[in-house]
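Let's take a friendly walk through the charged pairs in this protein.

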Amino acid sequence: MTRRLMTRRAALTGLVASPMILSGCDRLGQSPSFRNIVLSSGEWLSYRMHRLFGANAMAREYTEAEMSPDFRTNGSTRPQSAEYQRHLANGFATWSLKVSGLVEEPQAIPLADLRAMPSRTQITRHDCVEGWSAIGKWTGVPLGAVLDRVMLKPEARYIVFRCADALGLSPYYESIDLVDAFHPQTILAYGMNGSDLSQGHGAPIRLRVERQLGYKHAKFIMEIEAVDSLSDIGLGRGGYWEDTGFYEWYAGI
Ligand SMILES: Nc1nc2c(c(=O)[nH]1)N[C@H]1C(S)=C(S)[C@@H](COP(=O)(O)O)O[C@H]1N2
Ligand SMILES: [Mo]
């Protein structure tokens, strides 16, 4: 219990007050550790500025009237794996979210349980790095509530999202730090624009991490894992696109 509260408090309030952040020793404020790269200087500056001055800042929310009439899909729209196809065929009735890694209680949480947890609905703008945006309404369970349920261990520093799809041979995955993981607008969305999340938009659940660009919003999530370093996952840069070298890990907007 104490640890749970500490984790959330540290994530939401401890950061700005901590003098440790400037020396990079705070587990929440530390620069991300990667095997192959350091953050580019622009990325580092943006990450550090957001963490110092905007850890709790909220992304803008919009009204129903401002919602885009069409919200396109992008990237994968139909994961090919046999396991995913099986779940799709029976409406994800036996699907569950695996939560593993640096947690006290690894669990497989059924979709119905995620839906029964307190939910949050938000109307936000999605910005794709390729140059399009769309405003949509998202409903889901706050990621922080899921992490509280499994109880993060103190060593955890990142949350990794493993997806059902692969582009070429590489599975799609993403990762965020704990500041974004516990941000109130960071949700595992199972609903969009008042309906169940469609397959193309990432059924059964997809991440909404509203202060970052579109490619961070992992669709078709199968498993989330708490880790202390991103070095041993994929090519070590924290995500599918990050590993290609095209896009940066910290995509703050
Ligand atoms: N698993 C997975 N997640 C993904 C992608 C993908 O190809 N696979 N594409 C990303 C990109 S680049 C964008 S812009 C958004 C698109 O979300 P949408 O299809 O709901 O518009 O999903 C992101 N999440
Ligand atoms: Mo994107």
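Q: In this predicted model, is Glu210 buried or exposed?
A: Buried means a relative accessible area under 20%. Glu210 has a relative accessible area of 5%, so Glu210 is buried.

Q: Which residue meets Glu210 in a salt bridge?
A: Side chains of opposite charge can pair when their charged atoms come close. Here the N to O distance in the salt bridge with Glu210 is 3.0 Å. The partner is buried too, with a relative accessible area of 0%, and its name is Arg208.

Q: Which residues are joined into one network by salt bridges that share partners?
A: Two of the members, Arg211 and Asp180, meet in a salt bridge of 2.7 Å, N to O. Arg211 lies in the loop between β9 (206-208) and β10 (221-227), while Asp180 sits in helix α7 (residues 178-181), so the pair links distant parts of the chain, 31 residues apart. Both Arg211 and Asp180 are buried. The whole network is Arg51, Asp177, Asp180 and Arg211.

Q: Is Arg125 buried or partly exposed?
A: Arg125 forms a salt bridge with Asp127, with the closest N and O atoms 2.8 Å apart. Asp127 counts as buried at 13% relative accessibility. Arg125 has a relative accessible area of 39%, which means that Arg125 is partly exposed.

Q: How many salt bridges does a search of the whole structure find?
A: The pairs discussed above include Arg125 with Asp127 and Arg208 with Glu210. Across the whole structure, the number of salt bridges found is 13.

Note on methods: Residues are numbered from 1 along each chain as its sequence is written. Chains are lettered from A and ligands numbered from 1 in the order in which they are written. This is a predicted model: local features need pLDDT of at least 70, side-chain atom pairs count only at pLDDT 80 or more; totals for chains, interfaces and linings use all residues. Side-chain values use heavy atoms; hydrogens and water are left out. A salt bridge is a side-chain nitrogen of Lys or Arg within 4 Å of a carboxyl oxygen of Asp or Glu. Buried means under 20% relative accessible area, exposed over 50%, partly exposed in between (1.4 Å probe, protein chains only). Helices (H or I, at least four residues) and strands (E, at least two) are DSSP runs, numbered from the N terminus.
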